[in-house]
Amino acid sequence: MAILKILTYPDRFLSRPAMPAEHIDETIQTLIGDMAATLYDAPGVGLAAIQVGYGKRVIVYDVSSQDKGRSLQVLINPRIVDMDGEVISENEGCLSVPDFRADVKRASSILVEGLDREGNPLSIEAGGHLALVLQHEIDHLDGTLFIERISSLKREMYKRRMRKRIKNK
Ligand code: NI
């Protein structure tokens, strides 16, 4: 398993919608293994294929608490088919948006359909933290970063900071 480079804002690839994975083949399995290694190395709770430069609709995540050991979850071609309620996701962050956190308004519970690692249909009813993680990762597959969901004032602050940082490099 390889640790892959995580693309960061303002890399344009991050704003490109990903394509459905049509074949759950060896290439996808290798990608999933590498994404898992990358996720745990970062460390993070979720990672979308697009963040490592692969434009397919694949996400990996692990919301288990550290003392209970790892529990990697894989979701291929996920779709949110139902959502309910409203909640503020406090201090949301992203491996592709370094050194920035913000509150994001999200649905409090969702129903997600997709495929598991073997290509079997999967349906997940999620609330709490998992609902927030899944919404964040599925956003990535549509080319949406969480900074697109915050106030334009806060977003501009972040963008200005990144522009300055790039200039100073
Ligand atoms: Ni993210």
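This is a predicted model: local features need pLDDT of at least 70, side-chain atom pairs count only at pLDDT 80 or more; totals for chains, interfaces and linings use all residues.
Residues are numbered from 1 along each chain as its sequence is written, and side-chain values use heavy atoms, with hydrogens and water left out.

**Figure 1. The nickel site.** Cys94 (SG), His136 (NE2) and His140 (NE2) coordinate the nickel ion at 2.1 to 2.2 Å. Donors are N, O and S atoms within 2.8 Å of the metal (3.2 Å for Na, K and Ca); water is not among the atoms, so sites may look incomplete. Along the chain, the donor spacing is C-x41-H-x3-H. Helix 2 (residues 128-141) carries both His136 and His140, four residues apart, about one turn of the helix. Helices (H or I, at least four residues) and strands (E, at least two) are DSSP runs, numbered from the N terminus. His136 is buried, at 6% relative accessibility. His140 is buried too, at 1%. Buried means under 20% relative accessible area, exposed over 50%, partly exposed in between (1.4 Å probe, protein chains only).

**Figure 2. Surroundings of Tyr61.** Tyr61 sits in strand 2 (residues 58-61). Its relative accessibility is 4%, so Tyr61 counts as buried. Beyond its neighbours within four places in sequence, Tyr61 contacts residues including Leu39, Val45, Leu72, Ile124 and Leu134. Contact means heavy atoms within 4.5 Å. The C-alpha atoms of Tyr61 and Leu134 are 8.4 Å apart, with the two residues 73 apart along the chain.

**Figure 3. Helix 1 and its cover.** Helix 1 (residues 26-41) has 16 residues. Among its buried residues are Ile28, Leu31, Ile32, Met35 and Leu39. Strand 1 (46-48), strand 2 and strand 3 (73-84) are included in what covers the buried residues of helix 1.

**Figure 4. The second largest pocket.** A pocket is an open set of points on a 1 Å grid over the protein atoms alone, where a 1.4 Å probe fits, with protein on both sides within 12 Å along at least five of seven lines; lining residues have an atom within 4 Å of a point. The lining includes Leu39, Tyr40, Pro43, Asp62 and Arg70.

Key
The expected span of a helix is 1.5 Å times one less than its number of residues.
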